[in-house]
Amino acid sequence: MNSNKKDGLFSTNNKIVKYINYLILTLSVSIIFMPILIIVNIAFKTKKELGEKSFISLPDSFFNFDNFMVAINKGKVLMSFKNTFIQLLFGVIISLILSTMTAYILNRFEFKLRKAILTAFIGSITIPFVLVTVSIFNLICNFGIFNTRIAGIVLYSGVDIVALFLFLQYLSRISYSLDESALIDGASYFRIYRSIILPQLKPAIATAAIMKGLGIYNDLLTPMLYMPSPNLRTITIWLNSFSNDHATEWTVMCAGIMIVLLPTLIAYLFLQKYIINGVSSGAIKG
């Protein structure tokens, strides 16, 4: 009898815990999606509606696309997407090549400065970007690439610290015997990197590419500082153009936010498994 009561008690407690978990999850999802719902509401409203109604109230019509047309025509959105795509394409490809090569060297070879280089990469994370902004700006100007696309590509093309340690985790699970067998067969170190290491790193490369691409896509500071020309502005600069010191066109800006969010939402829906699998697999040593 006592054991049955205990079982019933535990069963009841489990149900209560389950309901509490569902409640917490529901509240969490609501908090996450609330800003998006507010942006959608404002994007379809007229300026008059926004002034007269609450920002959380539904618009009179979800077929009012005037704000979207104003955002597209006023800001030259296609040019901004083109500039962003160029920065993203070259930045991601070059950064991944350098990051995989660096991880391969640090993982497979023993040399005196190996620990010092790893420490330097870790230490760079602790340095606030604002402390080195002036130095980087001077370097970009001295190289003669200020206010050009090359400036952004150079800054985005460096070794990504997060990607580097993700690759190191994957490399630690790849057997050295594969390298030794290839060396015996006469393969060079570059051939081993290209034919053995890179195929093994495909899940990590996919994850790093997505994370790096989103970082470049959402970056505002780099194009603002190093590519101020109107012909070079990226999608974040385009979005920022709807706000100034005197006023902000909230209806047009929210329409612009939806335009900017659309590619990232589509990319995440199709690539979320690579992000989750890559990060979770790379975080656990086999």
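**Reading the helices, pockets and buried spots**

Q: How many helices and strands are there in the chain?
A: The chain has 14 helices and 0 strands. Bear in mind that the model is a predicted one. Read from the N terminus on, the elements go α-α-α-α-α-α-α-α-α-α-α-α-α-α.

Q: How much of the chain counts as buried, and what share of its contacts joins residues at least 24 apart?
A: Buried residues make up 33% of the 286 in the chain. As for contacts between residues at least 6 apart in sequence, 73% of them join residues at least 24 apart.

Q: What makes Thr-84 a buried residue?
A: Its relative accessible area is 3%, and the cut-off for buried is under 20%. So Thr-84 goes down as buried. You'll find Thr-84 in helix 4.

Q: What does Thr-84 touch, leaving out residues up to four places away in sequence?
A: Thr-84 touches Tyr-217, Thr-234 and Ile-235.

Q: How do you know that the side chain of Thr-84 has a polar atom within polar-contact distance of the backbone nitrogen of Ile-235?
A: Check the distance: a polar atom of the Thr-84 side chain sits 2.9 Å from that backbone nitrogen. The limit is 3.5 Å, so the pair falls within it.

Q: Why is Ile-196 called buried?
A: The relative accessible area of Ile-196 is 18%. Buried means under 20%, so Ile-196 gets the label. Ile-196 belongs to helix 10, residues 189-200.

Q: Cys-141 and Cys-254: why does each get its burial label?
A: Cys-254 has a relative accessible area of 5%, which is under 20%, so Cys-254 is buried. Cys-141 has 34%; that lies between the 20% and 50% cut-offs, so Cys-141 is partly exposed.

Q: How many disulfides does the count come to?
A: The count is 0 disulfides.

Q: Is Asn-147 buried, partly exposed or exposed?
A: Partly exposed, because its relative accessibility is 29% and the label covers the range between 20% and 50%.

Q: Which residues of helix 7 are buried, and what do they pack against?
A: The buried ones are Ala-151, Gly-152, Ile-153 and Tyr-156. They pack against helix 4, helix 6, helix 11 and helix 12.

Q: What lines the largest pocket, and which residues are closest to its centre?
A: The largest pocket holds about 780 Å³ of space. It is lined by 25 residues, with Phe-129, Leu-155, Val-159, Ile-161 and Lys-212 closest to the centre. Helices that each supply at least two lining residues include helix 5 (114-125), helix 6 (129-142) and helix 7 (149-156). By class, the lining has 19 nonpolar, 3 polar and 3 charged residues.

Q: What about the second largest pocket: how big is its volume, and which element gives the most to its lining?
A: Its volume is about 280 Å³. Of its 15 lining residues, Leu-88, Gly-213, Tyr-217, Pro-263 and Ala-267 lie nearest the centre. Two or more residues each come from helix 4 (77-108), helix 11 and helix 14 (250-282). Helix 14 gives the most, with 6. The lining splits into 12 nonpolar, 3 polar and no charged residues.

Q: Why is a cavity not called a pocket?
A: In a cavity the 1.4 Å probe fits but cannot get out, whereas a pocket is open. One cavity of 30 Å³ or more turns up in a search of the whole structure. The volume of the largest cavity is about 30 Å³.

Q: Which residues line the largest cavity?
A: Thr-84, Gln-87, Tyr-156, Ile-216, Asp-219, Pro-223, Met-227 and Thr-234. They divide into 4 nonpolar, 3 polar and 1 charged.

Note on methods:
Residues are numbered from 1 along each chain as its sequence is written. This is a predicted model: local features need pLDDT of at least 70, side-chain atom pairs count only at pLDDT 80 or more; totals for chains, interfaces and linings use all residues. Side-chain values use heavy atoms; hydrogens and water are left out. On a 1 Å grid over the protein atoms alone, a cavity is a set of points where a 1.4 Å probe fits but cannot get out, and a pocket is an open set with protein on both sides within 12 Å along at least five of seven lines; lining residues have an atom within 4 Å of a point. Grid points are joined across faces, edges and corners, and a volume is the space filled by probe spheres set on the points. Helices (H or I, at least four residues) and strands (E, at least two) are DSSP runs, numbered from the N terminus. Ala, Val, Leu, Ile, Met, Phe, Trp, Tyr, Cys and Pro count as nonpolar, Asp, Glu, Lys and Arg as charged, and the others, Gly among them, as polar. Buried means under 20% relative accessible area, exposed over 50%, partly exposed in between (1.4 Å probe, protein chains only). A polar contact is a pair of N or O atoms within 3.5 Å; within protein, one must be able to donate a hydrogen and the other to accept it, and residues adjacent in sequence count only if both atoms are side-chain atoms. Contact means heavy atoms within 4.5 Å. A disulfide is a pair of cysteine sulfur atoms within 2.5 Å.
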